Amino acid sequence: MATKIEVIQGDITKLAVDAIVNAANSSLLGGGGVDGAIHRAAGPELLAECRQLHGCDTGEAKITKGYRLLAKHVIHTVGPIWRGGHNHEPQLLSNCYANSLKLAADHQLLSIAFPAISTGVYGYPIEQATEIAVAEAKHFSQQETSLEEIIFCCFSDADLAVYHQVLAY
Ligand code: AR6
């Protein structure tokens, strides 16, 4: 069955999906932005499990349980910090989406929701980041996997508009 790609606006910590993706940092020990919101909503058990993972390289992904979240799992990935675009940022951001999707499929998950990785504190321009996110999701959706639904969860009106525009092409 083909995987559906959807865009919504809202708080990713409220979604009842098989996995939400966390835009983490390489320590996996929490931070601000969506990372802070996910840890607050999931509770201290999430941090305890993250401590066992010994960090994560940029572009890689690791999975934990969702604890007090409605989501069953959290897939933690580390986006690149934008440093002008010529320091492998596009490839590393692609890897975040590809590795998160692969991890979800390896765990037989049906639904996954992504925030706009790297586009907050890490400064990745939203249009360019969205093109990468959508390209990876479309590429993955053509493969035969467990995933039925890939959701892009935008926090702001402006980000939602960009996703709608990019998905229309
Ligand atoms: N639901 C959905 N999206 C959200 C939420 C939420 N509850 N909260 C924020 N966003 P950022 P990054 C959006 O800065 O750029 C952390 O400190 C936000 O509007 O959270 O990858 C980590 O520990 C933006 O569109 O992540 C790292 O140190 C998007 O999520 C660093 O920030 C990503 O913004 C990672 O930076």
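Mentor: Happy to; we will go through the pocket, and then a helix contact that involves part of its lining. Keep in mind that this is a predicted model. The largest pocket has a volume of about 550 Å³. Its lining is made up of 24 residues, and Ala23, Gly33, Val34, Asp35 and Gly120 are the closest to the pocket centre. Sorted by class, the lining holds 13 nonpolar, eight polar and three charged residues.

Now let us follow α1 to its contact with another helix. The axes of α1 and α2 (residues 44–51) come within 6 Å of each other and cross at roughly 115 degrees. The two helices are therefore roughly perpendicular to each other. On the α1 side, the contact is made by Ile38, His39 and Ala42, while α2 brings Glu45, Leu46, Leu47 and Cys50. By class, that gives five nonpolar residues, one polar and one charged.

For another helix pair to set beside this, turn to α3 (residues 89–106) and α4 (residues 126–141), whose axes come within 9 Å and cross at roughly 35 degrees. This crossing is right-handed. Among the residues that meet here are Leu93, Tyr97 and Leu101 in α3, and Ile132, Ala133 and Phe140 in α4. The residues of this contact divide into eleven nonpolar, one polar and two charged.

Technical notes: Residues are numbered from 1 along each chain as its sequence is written. This is a predicted model: local features need pLDDT of at least 70, side-chain atom pairs count only at pLDDT 80 or more; totals for chains, interfaces and linings use all residues. Side-chain values use heavy atoms; hydrogens and water are left out. On a 1 Å grid over the protein atoms alone, a cavity is a set of points where a 1.4 Å probe fits but cannot get out, and a pocket is an open set with protein on both sides within 12 Å along at least five of seven lines; lining residues have an atom within 4 Å of a point. Grid points are joined across faces, edges and corners, and a volume is the space filled by probe spheres set on the points. Ala, Val, Leu, Ile, Met, Phe, Trp, Tyr, Cys and Pro count as nonpolar, Asp, Glu, Lys and Arg as charged, and the others, Gly among them, as polar. Axes are lines fitted to C-alpha atoms, for helices over the stretch in contact, and angles run from 0 to 180 degrees between N-to-C directions. Helices (H or I, at least four residues) and strands (E, at least two) are DSSP runs, numbered from the N terminus. A crossing is left-handed if the near helix is turned anticlockwise from the far one by less than a right angle, and right-handed if clockwise. Contact means heavy atoms within 4.5 Å. Angles under 35 degrees count as roughly parallel, over 145 as roughly antiparallel, 65 to 115 as roughly perpendicular and the rest as oblique.
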